Amino acid sequence: MTRKVLHFTIGPVQDFIADARRIRDFWAGSFLLSVLAGHAMAAAKNAGAEIVFPKVEGDTLFEALVAGNANANTHIGSLPNRFKASISEDADAKDVALKCVEATGLAWQTLCDTIWEKYVKAAAEQHHGKTGEDNPTRKIWTRQTHNFWDMAWVAGDDPCPNQDGNWLDIRKNWRSLKPGVIEGGDHCRLMGQYQELSGYGRFPRTERNKQTAFWKAVRETGTISDLDLPEGEYLCALALIKRLFPV
């Protein structure tokens, strides 16, 4: 039996990073992608695989994720959005790949839940008078954060030497790509195809006043600075996570 090879990637990349208004937004998108990819790499490593690409030995971010050190002082997105791993012949490559997907999804969901609980939940319940998934803001949040990331992987026997370079590209060609979705309602000021979170609109004036009050409550709930969320900057769930997770 021969060793197995696993290729893994997560996206979207360009659009997620490019939707930015300030330098920190660019950094946040890039760093968040690196962290999520790093969780997949750490899951592969912890399952007994060897990361062949990229070079992770001595990488501060990778080592922190493998160790589960949430307090590591690292701010550099040093890991790319794709990797290659070598898996021993007696291991199940599919099982390793699914652990990568699970670890990445869990890391993303944990981040989403943290931002929701700290900055959005109180304002959403205060303004809509409903809790849980019945809350209009919660519905928008769930719709936008669930299944946002596109993860793809391919695994097989190692075809040494280095004849697997195009495996992941071939795998991507199998996907059934969905057309870009433009949501209804008032749109996010950062990621314009998505609805902003309040669920209100700018017209009529009564709706606009509710929208303004909602975002005022969000800023006050989490003691968010004007630099983090200026007045009039109404965001979707994805943009708000990108903006506030560094805080």
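Q: Which residues do ring pairs link into a cluster with Phe16?

A: A pair of aromatic rings is described by the distance of the centres and the angle of the planes. In this structure, ring pairs link Phe16 with Trp108, Phe148 and Trp149 into a cluster; rings of Phe, Tyr and Trp (its six-membered ring) pair if their centres lie within 6.5 Å, and planes under 30 degrees apart count as stacked, over 60 as edge-to-face and the rest as tilted. The model is a predicted one, in which local features need pLDDT of at least 70 and side-chain atom pairs count only at pLDDT 80 or more, while totals for chains, interfaces and linings use all residues. Residues are numbered from 1 along each chain as its sequence is written, and side-chain values use heavy atoms, with hydrogens and water left out.

Q: How many aromatic pairs does this rule give, and why is the pair of tryptophan 116 and tryptophan 141 called tilted?

A: The count comes to 11 aromatic pairs. The ring centres of tryptophan 116 and tryptophan 141 lie 5.4 Å apart with their planes at 55°, so this pair is tilted. The pair links distant parts of the chain, since tryptophan 116 belongs to helix α4 and tryptophan 141, 25 residues away, to helix α5 (residues 136-145); helices (H or I, at least four residues) are DSSP runs numbered from the N terminus.

Q: Is tryptophan 116 buried or exposed, and what is the relative accessible area of tryptophan 141?

A: Buried means under 20% relative accessible area, exposed over 50%, and partly exposed in between (1.4 Å probe, protein chains only). Tryptophan 116 has 6% relative accessibility and therefore counts as buried, and tryptophan 141 is buried too, with a relative accessible area of 1%. Phenylalanine 148 and tryptophan 149 form an edge-to-face pair, at 4.9 Å centre to centre and 80° between the planes. Phenylalanine 148 is buried because its relative accessibility is 14%, and tryptophan 149 counts as buried at 10%.

Q: Which charged end sits over the ring of tryptophan 116, and which over the ring of phenylalanine 16?

A: A charge sits over a ring if NZ of Lys or CZ of Arg is within 6 Å of the ring centre and within 35 degrees of the ring normal. Over tryptophan 116 sits the charged end of arginine 138, 4.8 Å from the ring centre. For phenylalanine 16, the charged end over the ring is that of lysine 242, also placed 4.8 Å from the centre.

Methods:
Helix = DSSP H or I, 4+ residues; strand = E, 2+ residues; numbered from the N terminus.
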